[in-house]
Amino acid sequence: MRSSVGVSLGTCGIRTARTTEDGAWTDGTPFDDWQLSPTAADVARVVRGIVDSPDAPQSLGVAYRTPAERTGIADALAEEYVSDVHLIDRTGAAMEYLRPGLPSHHRTIALFDAGETGVDVDIVDVETGRSYGSARTTAMSGASFDAVVREHILGLGIVRPPHSPDEDSALTAFCRGIKEALSSHLTTSTPDGEHILLERHIFELSIARSTEQAAETVRRLGLEAEFYPDAVIAIGGTSNVPLVRATLERFLQLPVVVPDRPELVIAGGAAVHATHVDATHVPPVVSHRPALTRLGMIALPIAGVIAAIGLFTALGSSDENQRLSTPASVGESVPQTTTPAATRTTTPTSSPPPDIPPPPPTTTAPAPAAANSAPYVQYQQPHYYPPAPPPAPTVPLPQIPGVQMPVIPLPVLPRLPF
């Protein structure tokens, strides 16, 4: 079954998504080794691992954030000797993923990409993907939400402050897990249930101001853009927080859509883009004609070239013979014919006076040479007509037996009395 994989690069890690022909989506292999600012080289190593896996996909796409990042990813992929990877910008990848599921009356949308370090807002035309304006705010971010949870957990006194980078990373992962749990639960507690760690309403009170500032950024950008958006599409891992959707709806008075697994939208769009690009490649045309027919088609132009060469050679030979047999033109030296002395005749005249010189003798011009008995015949190259290629073999039609319709005898009607 044909499948494609998309890869997206974020501040906190690299995400992958895999799709198949039936439209099912599965999460790719998590890459937690590059949680702290992964680079283009990390992306290239991830792609190299995907290509070398036993279930390597037929199509592969990578989403980038900036043109400089695109150049870095392309160079890193070349160093890893990986080719046929289709690159697409993050906004284009998101539209590739979202466009099929959007209603027809949503012609312009506000793409609200809430990531780890901030929110990127783009006003995008749904059909063409044209951007009418973009903005970025760091008032709301996944890192700021994690910091709110971290401060609350440290204030409870159940966890001591970290004293090493490893302890700090462990505490950050613990707080991120609490934040993600509050997206689907109203409260979180310790595994034994004795201590309440954090409740949703307390968490929302702490992040309300930052979410309102992000919503205000969207509203201001929509007013400045050429077209005001018809809806807001919230993507990115931070969009899973329920307060984000509620605040956007309250501030903008617009429908807000949060797709399932919004953190995989960019990677999924890269996979869809790679599938579309590879589907447009036309396979080479394979001839199904018999071998003799193909041989005749190859020999036909070769025979024509040979015939043309022979014709030109014959014409050149005839021109040379004709030039030798015809008189020279003006300016060429013509050998003069000397008349023998025996053929000359002198007209007798009276002797002139001694002081007058005698006139020159009159000579008779020689008879023209007889023409050749055999006239010149120009050689003509016979035309070459190559044999027609044999016809393609015919396949006899299958013998389909006829269908015998049953004959139903009609009853004999009685004669009616008159």
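Two strands count as paired here if DSSP finds at least two bridges between them, and strands themselves are DSSP runs (E, at least two residues), just as helices are runs of H or I with at least four residues, numbered from the N terminus. The model is predicted, so local features need pLDDT of at least 70 and side-chain atom pairs count only at pLDDT 80 or more, while totals for chains, interfaces and linings use all residues. Residues are numbered from 1 along each chain as its sequence is written, and side-chain values use heavy atoms, leaving out hydrogens and water.

**View A. The β6–β7 pair.** Here β6 (residues 108–114) runs antiparallel to β7 (residues 119–125), with 7 bridges linking the two. Look for A114, whose bridge partner in β7 is V119.

**View B. The β7–β8 hairpin.** These strands also pair in the antiparallel sense, over 6 bridges. D120 has R136 in β8 as its bridge partner. Between the strands sit 5 residues, and G129 in this hairpin takes a positive phi near 80°.

**View D. Helix α6 against helix α7.** α6 (residues 200–224) packs on α7 (residues 242–252) at about 45°, axes 8 Å apart (axes are lines fitted to C-alpha atoms, for helices over the stretch in contact, and angles run from 0 to 180 degrees between N-to-C directions). Contacts (heavy atoms within 4.5 Å) include I207 and V218 of α6 and L248 and F251 of α7 among the residues that meet.
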